[in-house]
Amino acid sequence: MEIRDVDFRGAALKKSQRPREWLPHVAVAGRSNVGKSSLLNWLFGRSLARVAKAPGKTRTLNFYLVNGAYYLVDLPGYGYAKVAKRLQAEWGRELERYISDEERLAGVVTLMDIRHGPTGLDLDLQSLLDEAGLDRVVVLTKADKVGRGQRVRMQNELQHRLGLGSRPMAISVRTGEGRRELVRRIDELVSQWCHRQLGD
């Protein structure tokens, strides 16, 4: 389903501050400089997520209601050294709590820069998702910055390294490549969550 309507419904760190509706969440996670806010605005078709010159500005979980049907949740970027260690630790705790205890979480879109591949923090997040038994969509951003050979090598390497059933998606906000497929994959996460709820 195409993203037609998006409504920012607030920011939160604590569980008590999250939206109360029993609607599925699809979280978007990645390092602070991976282009997460640009990707969200690209999906939304308008500028809602803040794009800052300096990375590491998302310091809360930001909730966007999409088509009145599900939430896209912009998670705090991780790994930006200029942010105070205390704040980094707080983000990490709340991120882990959200992934571990949010019953409405249908899955996580994880972003990595195709030019550099996964960092230790990226791999830690993948392990956390595995432990939580969460569905995930692995996305390689900035695909326009590399040649086809490097792209395929990185996709194949990550598929093997992360034990994925298919190769990670390669997308480019600049050229528009991959948008339709990513929206379709998000829809699949939402549909699978809804079917599980009916099964319960």
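I started with Asp74, which is buried because its relative accessible area is 2%. My scale: buried is under 20% relative accessible area, exposed is over 50%, and partly exposed is in between, with a 1.4 Å probe and protein chains only. Asp74 is in strand β4. Its side chain makes a polar contact of 2.5 Å with the side chain of Lys36. By polar contact I mean a pair of N or O atoms within 3.5 Å; within protein one must be able to donate a hydrogen and the other to accept it, and residues adjacent in sequence count only if both atoms are side-chain atoms.

Ground rules before going on. This is a predicted model, so local features need pLDDT of at least 70 and side-chain atom pairs count only at pLDDT 80 or more, while totals for chains, interfaces and linings use all residues. Residues are numbered from 1 along each chain as its sequence is written, and side-chain values use heavy atoms, with hydrogens and water left out.

**Sheet**

Helices (H or I, at least four residues) and strands (E, at least two) are DSSP runs, numbered from the N terminus. In which order do the 7 strands of the open sheet come? I read β1-β3-β4-β2-β5-β6-β7, with mixed pairing. β1 (6–12) and β7 are at the edges with a single partner strand each, so one side of each has no neighbour in the sheet. Two strands pair if DSSP finds at least two bridges between them. β5 and β6 pair in the parallel sense, over 6 bridges, and Val109 stands opposite Val137 in β6.

**Helices**

I checked α1 next: it lies across β1, β2, β3 (61–66), β4 and β5, at about 155 degrees to β4. Helix α4 (residues 148–162) lies across β5, β6 and β7, at about 155 degrees to β6. Axes here are lines fitted to C-alpha atoms, for helices over the stretch in contact, and angles run from 0 to 180 degrees between N-to-C directions. Contact means heavy atoms within 4.5 Å.

For α5 (residues 179–199) I tested the length: at 1.5 Å a residue its 21 residues should span 30 Å, and the end C-alpha atoms are 31 Å apart, which agrees. The expected span is 1.5 Å times one less than the number of residues. Its buried residues include Arg179, Arg185, Asp187 and Trp193. The elements they pack against include β2 (25–30), β5 (105–113) and β6 (136–141).

**Cores**

A nonpolar core is a set of buried Ala, Val, Leu, Ile, Met, Phe, Trp, Tyr and Cys residues joined through side-chain atoms within 4.5 Å. The largest has 28 residues, and Val26, Leu72, Val139 and Ile186 are among those with the most contacts inside it. α5 gives the most to this core, with 6 residues. Apart from it lies another core of 21 residues, among them Ala29, Leu65, Tyr78 and Leu125.

How buried is Val139? Its relative accessible area is 0%, and Val139 lies in strand β6. Beyond four places in sequence, its contacts include Val109, Met169 and Leu182.

Asn67, in the loop between β3 and β4, has a positive phi of about 55 degrees although it is not a glycine. Asn67 is buried at 16% relative accessibility. Lys142 sits in the loop between β6 and α4, with phi near 60 degrees. Lys142 is partly exposed at 23%.
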